[in-house]
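Trainee: Please pick one part of this model and go through it closely. Then relate it to the rest of the chain.

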Amino acid sequence: MTDLMFDDVSNPSQEKVNLLGLNLKDMERFFLEMGEKKFRAVQVIKWLHQRGVSDFDDMTDISKATREKLKRVAEIKVPDITWQDYSKDGTRKWVSKMPGGSSVETVFIPEDGRGTLCISSQIGCSLDCSFCSTGKQGFNRDLTSAEIIGQLWLAAKSFDKPGVKRERHVTNVVLMGMGEPLLNFDNVMSAVDLMMEDNAYGLSKRRVTLSTSGVVPNLDKMRGRTDCSLAISLHAPNDELRNQLVPINKKYNIEQLLTSVKGYLASLPDKREVTIEYTLMEKVNDDLAQADELAVLLKDIPVKINLIPFNPFPNSGYRRPSNNRIVRFRDKLSAAGYNVTVRKTRGDDIDAACGQLVGKVEDVTRRNERFIKLVEQGSSAAEVARNRAAR
Ligand code: SAH
Ligand code: SF4
């Protein structure tokens, strides 16, 4: 985060820091560098994230002089919502316009006693999984930590009523919208910190879930950095099929991925299961023999399996299996002793089914093709990330 901080308060040309994206540690550093007391960090984080304030002048326990000083070096930039909609089933969707013209989608899914927010981490995605509409759009850029946490900020605020103390509607967050969170590691980690920070949203580590297609070196980096929950987009029981569906598997195969997952689980202070996501596509990965193979593959890892019936999009080339095929696949895994759920498709009428969040990705120059080439040539994820950042 060093480059986000300012070190010269008197330099007016310095780009303003968006305070919305700073976790507690970075916010404390920010105030110390500004010559202010560390405790201001907690005050400001509470204003921003517990009360949904976006104007320094509303922060009434901070002196006017400090607020003026803050305005000179910092800003509070919240998402620019261009569109929102409710589904018949209570699902809500927001589309936020990002600088540059692209947009990202955020979805809220209410379910008995809980509310899950599905948020995006990048504009587009460079990994090009064969069945994913986000991947098909290519990659535009990483979201900043402010743009990531901003999605929770706007969802929480959308339920506020004037004069009434805020209630918690969003109880769970899943990083399952657009993008591959582990390819935007630092920004995603800062946002995840804020989700779990008591002075911000205070969500339990069991209720904040990062979903990854398996960027193994960065999954290894999560150990000791965070203790949020993990979901793995597996989708296939063997490397041959996974190479076709999830191209990053050619770089980090299933064995490497599962070893990394076990390492992460072992690093957690509590006993936790990892969620295995398996998008079911007819006659691609939904045969009973594949359920058997999956049952063997996962036998010594504490998992719950989430089957996602494929969400169709134009020219995908895949079909959603019939209910019969979904049920028999599920039952096979249940009979093998697994805890299996089938994800209900929600918000269909407003195109808000998770894994179907496409937003609008502008200015893409087939970067994903270059990414895959780099992966195939054996570049490390860090090299690939550097290469992407340089473009
Ligand atoms: N990049 C991350 C998180 C975003 S995708 C990842 O891949 O895990 C969220 C989930 O939706 C992933 O499991 C993804 O494989 C799945 N998904 C993508 N496209 C889908 C589709 N068309 N139908 C059903 N699930 C899909
Ligand atoms: Fe990217 Fe995930 Fe879609 Fe794959 S499934 S292209 S990793 S968003």
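Mentor: A residue is called buried when its relative accessible area is under 20%, exposed when the area is over 50%, and partly exposed in between, with a 1.4 Å probe and protein chains only. In this predicted model, buried residues make up 56% of the 391 residues of the protein chain. Local features need pLDDT of at least 70 and side-chain atom pairs pLDDT 80 or more, while totals for chains, interfaces and linings use all residues; side-chain values use heavy atoms, without hydrogens or water. Residues are numbered from 1 along each chain as written, and chains are lettered from A and ligands numbered from 1 in the order of writing.

The part I pick is helix α9, residues 254-267. Helices (H or I, at least four residues) and strands (E, at least two) are DSSP runs numbered from the N terminus; the chain has 13 helices and 14 strands. α9 has 14 residues and spans 20 Å from its first C-alpha to its last. That is close to the expected 20 Å, which is 1.5 Å times one less than the number of residues.

Start at the N-terminal end, which N253 caps: a side-chain oxygen of N253 lies 3.2 Å from the backbone nitrogen of E255. This is a polar contact, a pair of N or O atoms within 3.5 Å; within protein, one atom must be able to donate a hydrogen and the other to accept it, and residues adjacent in sequence count only if both atoms are side-chain atoms.

N249 counts as buried because its relative accessibility is 2%. A polar atom of its side chain lies 3.5 Å from the backbone nitrogen of I254, and its side chain also makes a polar contact of 2.8 Å with that of R242. Contact in general means heavy atoms within 4.5 Å. Not counting residues up to four places away in sequence, N249 touches D239, R242, N243 and I254. The C-alpha atoms of N249 and D239 are 7.1 Å apart, and the two residues are 10 apart along the chain.

A polar atom of the Q290 side chain lies 3.0 Å from the backbone oxygen of V284. Beyond four places in sequence, Q290 is in contact with P237, L241, Y278, V284, N285 and F329. In α7 there is N218, buried because its relative accessible area is 13%. Leaving aside neighbours within four places, N218 is in contact with L182 and F185.

The strands lead on to ligand 1. β12 (274-280), like β10 (208-212), supplies at least two residues of the shell around this ligand. A residue belongs to such a shell when one of its heavy atoms lies within 4 Å of the molecule. Ligand 1 is surrounded by 20 residues, the closest being G179, S211, S233, H235 and N311. On the nitrogen side, a polar backbone atom of N311 is 2.9 Å from a nitrogen atom of ligand 1, and a backbone N or O atom of F131 lies 3.0 Å from one. The protein covers 95% of the 530 Å² of accessible area that ligand 1 has on its own, by the Shrake-Rupley method with a 1.4 Å probe, in which only the protein chains shown count as cover for residues.

For the chain as a whole, among contacts with a separation of 6 or more, residues 24 or more positions apart account for 68%. The accessible surface is about 17300 Å², and 48% of it belongs to carbon and sulfur atoms.
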